[in-house]
Structure formats: structure tokens, C-alpha cells
Amino acid sequence: MIDITSKSVGGIEMTALRFGPDKFDIPVHLMQKERESCILVTDEDILPFPWNGVTKDQEGQYVLLDKCNLESIWTIATTNRERALDLVRKTALGIKKGGKKFADLSTGIFPLYRIYIKDKKDILILPEDAASILAVSLVREDMDACSKDLTKKDTEVGYTLILEMAELLYYAATGRFPYKNEEVRRSGYNEIPLEFYNTSLNEKTSSFITSTLNMKEKNQRKISGNNGPEKSIGWFIDSTESLEWNLKNRSEEEKEVDADKTENNEEFKKLWREKSRKAKRRKFWAEKGAVIAVTVLIAGFVCYFIGNWLYQTFKPPVTRDMSQVEVIEHMYSCQNGINPTELDEGFKGDAAQFNEILNLYVTSTTRKAYEYIDAITIAPDWIEAGMPSITKDTWIYGVIPLSIEETEENHFVAKVQWYTPFAFDDEVEETYGEKDGFARTFIYEVIQEFDFTWNNRGWWVCTENEITDYSLLSVEYTPYLE
């Protein structure tokens, strides 16, 4: 991150932001323009605040500011936590005041290395020219922490700043950014719920953060309209005006202790295992599919499904005349048939394996179109055929239901055998490596649970389903056809 220190230049003491070693060469074009002013947001006003060029010494090079007490925006989770809501609101006010030219949201995110806390109560925002000098020397890890880790897919352009401000509040409360970890990003961008961190944040403020992070795209569009992010952020400013913030300051060590308490809790570990499992599955299909899929064609299929979902939303599902057990059996039939459309109709996108089936469908359809082969051998058919050799670089996938029982009223537990080319755990993946000339298939016993309710339109609806347990039965190596 950016080091904040003091430097004496011409006998005048200044605040200095260290951006690189002495040997680091600043791109010439960054120094040729007339300097813009920083924006200072106080309790009373929004004011220009000059920066005074750069200097260097044996230890490094520095962006210079008038002498002031500056701290990193990251301290809203520690020593400036008590005023986090006020500081984030001032950040939003400053960006709105600066407008489109000042914000320069070409990356979709307002990078955190532009935001500083002055005198523990005001916000100082660097202009683009000064920030660019800092940015060119940031290592990849720091650049990701200041921008990439804050991004979330499927966010409307006009909503990006609103989302970012909510992420800062989440970070102030928990000490963790909601979308930083790959497990969260690859498992649907569903952040760890605030209540897991036991922050004692009042309910109204907590609910606002959660709802803002999880705002549906159609509601994002309603909020942002045709405005740019720097104008739409006014919604955040207005919506947070009546919120209260009751969290106390803490040290960096206390922040980590608080987070560790949460992350060592068994409920948290269970949730994290599930996210890790989903992330591994999506990573597997993303990496394997990228080798064989054509990007444009995939985009076309995805667009088709999105449009089809909207069309199908108000239609009766294909499972409308089925019992609860038949609905579950239909889901497994769709899984074996690699049929995301009917799976979605029956479960409205909520089946635990839906994204996996959608990825398989896109991959297999693409390979049929370009290579004239079936990329997926369905496990039950393969077993019935005597487990023969399969086409090179294809996979065995499918599910065999073993039992479906109603353990409580409208609560069902299914036990199945799941054939899959990827392992659910890294340890298993490492233990059973791939072999040249063979397709590797992991066979798991999987427990999946379902809850149903009777829809007032006259059919059973699955309201909840999740994979609650799994265990590895065996690993098969099937030779490829010569």
C-alpha cells in the first residue's frame, strides 16, 4: 500500500505519499499537464486542496501535499472505525462533487489509493493526475486490493460506485472485503453474511449494506437510470443519511482476532467448505471449457438462456403435475440429460447443480458443433454399456439416485452416486492425479436435501435444496479409444 510520511522540501515540512524507489522513472506524460487539485470534504464544506508535485531521496519518490495528518482509507476497519459511515458518506460526496472528469471510472471502480482520511474526520481525494503517479508503481497485489477485489460481475455501470461504498461499510464492519476471495467470486459473488461476524451493527444499517450488495440488476437500473456512477451515487448519500453507526475503534491486531473468531466458527467453516466446493467446480469447467469452447458462441448461448429465463418466469413449470419425489427425480433426469432449460423450469435456477449443468451444456454443444463429438459420456448409460473406453479428451458425468426419503413433512433427503471428472477437495485431487491416455472419474456418494411448499397456483415448489454431505467412494481411470 501507499506509505504516508513527512518530507522537508526547501525547509518546508510536507506530507508525502511514497510511490516508488529512487530509480523508478515517472512516465513523462504524467508530469506535463497542469496539476489538478485534490478534493477535501469536511463537515462544513467541499474544498479544493492542492498537491505540490513530487520529490525524491535515497529511500524513494513521493507525491507532496501541504502538511496535514493523513491516514489510509483502510483504517475505517480499525482506528477510524467509529466514524466509518460518516467517512464513507464524505467519500461519496467528494466523488459526486468532482463529477465525471474527476472520477474517471473507466475501470468501473474508484481505486482506494485515491482516498485518504485527514484529521480523523475529513476525506481527502486525490485527482487523477496525482493518483496516476502512485498507480504506475503499485505491485499487482496492491493494485488488486485497491480496485479488482472490489469488482462484482453483473453490476450495472451506473451502480458501481454505490456498490463500492457499501463494500467499504462491509469492510469497516468485518475487516474483510466481501468479494476479495476467489471462493466468493467463483461461487456466485455471495458474500459471507454480516451476522456471521457478530459485529453488533444495528439492524437497519446491516440490512442496508446487505440489500445494497445484493441489489438485483433491474433495481440497479431503476436507481441509476441513464445517469453515470458519479451522479447515481446521490442515491447512496440520501439513503444513508438516517443510518446509525455503533461500532467502536480497534487495533489492527484486534481486527484480525475478531475475524479469526468468526472464521474458526464451525458454521462459518461449513459455509466456506460449500463455497470452496462450488468454486472448484466452476474453476474446473472454466479452465477445461476454455480450451475447447468458442467465446462468441458461448456468449450467444448464455444470452439465449437469459432471455429464455425471463420468458419462462411466469409460465407453469414442467413439474406442475408431479409429486415432490417426482420433482426430485426429474431434477436428476435433467442432470443426466444435460438439460439446463427443464432443470431451470422446475427449480427456477435454484438447483444446486444448475450452473454445472449449464456449463456442461455449453461445452458439449460447442464441441458437437466444431468437433462433431459428444464431450460428455452419461454415467448411467456408460455403466449399462459395460464401462467401455471413451473418446479422447471427453468426460464421464452423471448421477445415479439410490434413495429419496421424506424425513420430515415436506422435507426430503436424497442419496445418490455422483460421477464427475473433478474432485470436490484439493487433497483428493492431489492424491489421484491424471494419467495420460485415461479419463479420470471421481465417484461420490452425495446427500442432497429438499424442502417443498404447495404453491397457491396449484403445484409443489422446491423452496430450498442443498448438498449437505458427500464422501468419495472410488476413482475410475477409463482408457481413451485409440
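Guide: Touching, or contact, means heavy atoms within 4.5 Å. Please keep in mind that this is a predicted model, where local features need pLDDT of at least 70 and side-chain atom pairs count only at pLDDT 80 or more, while totals for chains, interfaces and linings use all residues. Residues are numbered from 1 along each chain as its sequence is written, and side-chain values use heavy atoms, with hydrogens and water left out.

Leu 65 belongs to the largest nonpolar core, a group of 77 residues. Such a core is a set of buried Ala, Val, Leu, Ile, Met, Phe, Trp, Tyr and Cys residues joined through side-chain atoms within 4.5 Å. Buried means under 20% relative accessible area, exposed over 50%, and partly exposed in between, using a 1.4 Å probe and protein chains only. Together with Leu 65, the residues with the most contacts inside this core are Leu 17, Ile 76, Leu 112, Ile 209, Phe 236 and Trp 245. Helix H4 (residues 160-174) gives the core its largest share, 11 residues. Apart from this core lies another, of 37 residues, among them Ile 338, Leu 343, Ala 414 and Ala 423.

Ile 133 counts as buried because its relative accessibility is 0%. From Ile 133 to Tyr 62 there are 71 residues in sequence, but 9.2 Å in space, C-alpha to C-alpha.

Now step back to the whole protein chain, with its 17 helices and 14 strands. Helices (H or I, at least four residues) and strands (E, at least two) are DSSP runs, numbered from the N terminus. Of the chain's 482 residues, 48% count as buried. Among contacts between residues at least 6 apart in sequence, 69% join residues at least 24 apart.

Lastly, look at the five strands that form an open sheet in the order E10-E11-E12-E13-E14, with mixed pairing. Two strands pair if DSSP finds at least two bridges between them. The edge strands, E10 (376-378) and E14 (460-479), each pair on one side only. Strand E13 (residues 438-454) runs antiparallel to E14, and 17 bridges join the two.
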